[in-house]
Structure formats: C-alpha cells, structure tokens
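User: I'd like to learn how to read side-chain contacts in a model. Can you walk me through them?
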Amino acid sequence: MARFERKALNYESRPMTDHPIHELDDDVHQRVRLGILASLLGLSRADFALLKRELALTDGNLGRHLAVLQEAGLVKLTREARGGRPRTWVAITAQGKKALRKEINALREIMARIESAESAVSIEIK
C-alpha cells in the first residue's frame with residue numbers, strides 16, 4: 001500500500017486576489033510597531049527611553065514590540081553600559097526600511113482605491 005503525505009497549504013503566500021491588503025505585513029502593520037519603525041526612519045539609532053516617551057508606552061509594552069520587530073529582522077537592538085547605567089539602543093535595519101516602504105506603498109494603494117471609489121460614487125450622484 002502506498003503512503004501519501006499531505007502538505008499543508010500556505011494560504012499566506014498565495015493571495016486569492018490582487019487587493020493591496022495582501023501586501024500588508026502583520027509585523028509592521030500593528031500600530032505600535034509601525035510607530036516604532038516610522039520613528040526610527042532617518043535616525044542612526046534611538047534609545048529605549050526616547051521611543052518609550054515618544055510613543056507613550058510602558059517598558060513591557062515597548063519591549064515586547066521591539067522583540068517582535070527584532071525577531072523579524074526589522075530592527076537591531078544593542079545594549080551599552082556607560083557610567084554604570086545600561087542603555088538599550090534601537091536601529092532600523094535595511095530589511096526594516098524595505099518593509100516600512102512596502103507597508104506605506106500598500107496603504108497608498110488602498111487609499112487610491114478608496115479615493116477612486118469615492119469619486120465614482122460622487123459622479124453617480126450628480
């Protein structure tokens with residue numbers, strides 16, 4: 001008797017449509033992580049305290065979101081101890097910049113579809 005293996009289908013890699021929502025990355029799209037990446041863009045690095053203050057987050061909340069971004073390769077964390085006080089520095093990686101650009105482009109495409117639909121509706125009303 002032949003033995004057959006079932007392979008799990010990976011629906012995430014094969015979108016059913018060409019809608020731009022399929023370009024959104026869950027690691028980036030979450031509002032805090034999007035805020036972290038946007039805050040880091042244009043900076044060589046930022047310390048944990050700056051991000052915490054700028055985004056109004058708790059230590060635990062920011063730490064968890066940074067861990068997700070680090071695991072995805074979107075940020076790099078480094079720890080330094082100067083004057084006996086440890087500091088965590090965060091920098092966006094090249095992969096992080098690319099992911100953020102892709103996210104923004106997908107959001108722009110969604111906005112273009114919304115604006116197109118709104119203008120079509122306003123033409124029909126006139």
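User: Let's start with a lysine: is lysine 52 buried, exposed or partly exposed?

Analyst: Keep in mind that this is a predicted model. Buried means under 20% relative accessible area and exposed means over 50%. Lysine 52 has a relative accessible area of 31%, so this residue is partly exposed. Its salt-bridge partner is aspartate 59, with the closest N and O atoms 2.8 Å apart. Aspartate 59 is partly exposed too, at 45%.

User: How many salt bridges are there by this rule?

Analyst: The rule asks for a side-chain nitrogen of Lys or Arg within 4 Å of a carboxyl oxygen of Asp or Glu. The count here is 7. Take aspartate 47 and arginine 87, which meet at 3.0 Å, N to O. That pair links distant parts of the chain, 40 residues apart: aspartate 47 is in strand E1 and arginine 87 in strand E3. Aspartate 47 counts as buried at 13%, while arginine 87 is partly exposed at 35%.

User: What separates arginine 113 and glutamate 109 in helix H5?

Analyst: About one helical turn, because they're 4 residues apart in that helix, which spans residues 94-125. Shared partners join Asp18, Glu109 and Arg113 into one salt-bridge network. The Arg113 and Glu109 side chains meet at 3.3 Å, N to O.

User: And the rings: how many aromatic pairs does a search of the whole structure find?

Analyst: In general, you describe a pair of aromatic rings by the distance of the centres and the angle of the planes. In this case the search finds 0 pairs. Do look at tryptophan 89, though: arginine 45 lies over the face of its ring, 3.7 Å from the centre.

Technical notes: Residues are numbered from 1 along each chain as its sequence is written. This is a predicted model: local features need pLDDT of at least 70, side-chain atom pairs count only at pLDDT 80 or more; totals for chains, interfaces and linings use all residues. Side-chain values use heavy atoms; hydrogens and water are left out. Rings of Phe, Tyr and Trp (its six-membered ring) pair if their centres lie within 6.5 Å; planes under 30 degrees apart count as stacked, over 60 as edge-to-face and the rest as tilted. A charge sits over a ring if NZ of Lys or CZ of Arg is within 6 Å of the ring centre and within 35 degrees of the ring normal. Helices (H or I, at least four residues) and strands (E, at least two) are DSSP runs, numbered from the N terminus. Buried means under 20% relative accessible area, exposed over 50%, partly exposed in between (1.4 Å probe, protein chains only).
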